[in-house]
Amino acid sequence: MELVTDRVNGILVAEAWFRVDGTNARDFENTLKEAIDESHQGMIIDCEHLSYISSAGLRAILLIAKTLKRRKMDFAICFLAEPIREVFEISGFDKIIAIYNSRADALAAIGG
């Protein structure tokens with residue numbers, strides 16, 4: 001797993017690369033939590049380069065979403081490949097986390 005972060009118009013954008021599974025989900029979660037600061041309006045996780053996510057990865061995303069909600073920050077995910085989108089749909093995460101087809105759509109939705 002590789003995680004690249006950037007700030008776009010006050011939104012923290014994190015690109016997740018390769019796999020998020022039981023071996024790295026805690027690092028994924030901790031890295032994202034550490035990247036959030038009070039100056040951010042919200043966060044987008046860009047999954048364009050993510051090839052796999054396990055239940056441990058889903059749990060990490062859920063915990064990030066809860067952290068952001070407590071801080072009254074927006075949260076979205078974009079660019080889910082079809083197999084990963086299916087995991088989100090089967091688990092019901094698509095009902096509790098905003099999912100967009102592109103980074104531009106996500107930025108427009110949560111960035112104002």
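This is a predicted model: local features need pLDDT of at least 70, side-chain atom pairs count only at pLDDT 80 or more; totals for chains, interfaces and linings use all residues.
Five strands line up in the order E1-E2-E3-E4-E5, forming an open sheet with mixed pairing. In general, the strands of a sheet pair through backbone hydrogen bonds, and they can do that in a parallel or an antiparallel way. At the edges sit strand E1 (2-8) and E5, each of which pairs on one side only. Neighbouring strands in this sheet are turned against each other by 25 degrees on average, if direction is ignored. Further in, E2 and E3 run in the parallel sense and are joined over 9 bridges. On the E3 side, glycine 42 is the bridge partner of isoleucine 11. Helix H2 packs on the sheet, where it touches E2, E3 and E4. The direction of H2 makes about 175 degrees with that of E3.

Next comes the question of what gets tucked away. In soluble globular proteins, nonpolar side chains tend to be buried together. Here, the largest nonpolar core has 28 residues, and the ones touching the most other members are Phe28, Met43, Ile45, Ile61, Phe75, Ile77 and Phe88. Two or more residues each come from strand E2 (11-20), helix H1 (25-35), strand E3 (42-53), helix H2 (55-70), strand E4 (74-78) and helix H3 (82-91). The biggest giver is H2, with 6 residues. Isoleucine 61 shows how such a residue is surrounded: leaving aside residues up to four places away in sequence, Ile61 touches Phe28, Ile45, Ile53, Phe75, Ile77, Phe88 and Ile97. Apart from this core lies another one, made of 8 residues, including Ile11, Cys78, Leu107 and Ile110.

Helix H3 is worth a look of its own. Which residues of H3 are buried? They are Ile84, Arg85 and Phe88. These three end up on the same side of H3 because they cover an arc of only 105 degrees around the axis. Pro83 and Ile90, on the other side of H3, are exposed. As for what the buried residues of H3 pack against, the list is E3, H2, E4 and strand E5 (98-100).

Notes
Residues are numbered from 1 along each chain as its sequence is written. Side-chain values use heavy atoms; hydrogens and water are left out. A nonpolar core is a set of buried Ala, Val, Leu, Ile, Met, Phe, Trp, Tyr and Cys residues joined through side-chain atoms within 4.5 Å. Buried means under 20% relative accessible area, exposed over 50%, partly exposed in between (1.4 Å probe, protein chains only). Helices (H or I, at least four residues) and strands (E, at least two) are DSSP runs, numbered from the N terminus. Contact means heavy atoms within 4.5 Å. The arc is that of the directions from the helix axis to the C-beta atoms. Two strands pair if DSSP finds at least two bridges between them. Axes are lines fitted to C-alpha atoms, for helices over the stretch in contact, and angles run from 0 to 180 degrees between N-to-C directions.
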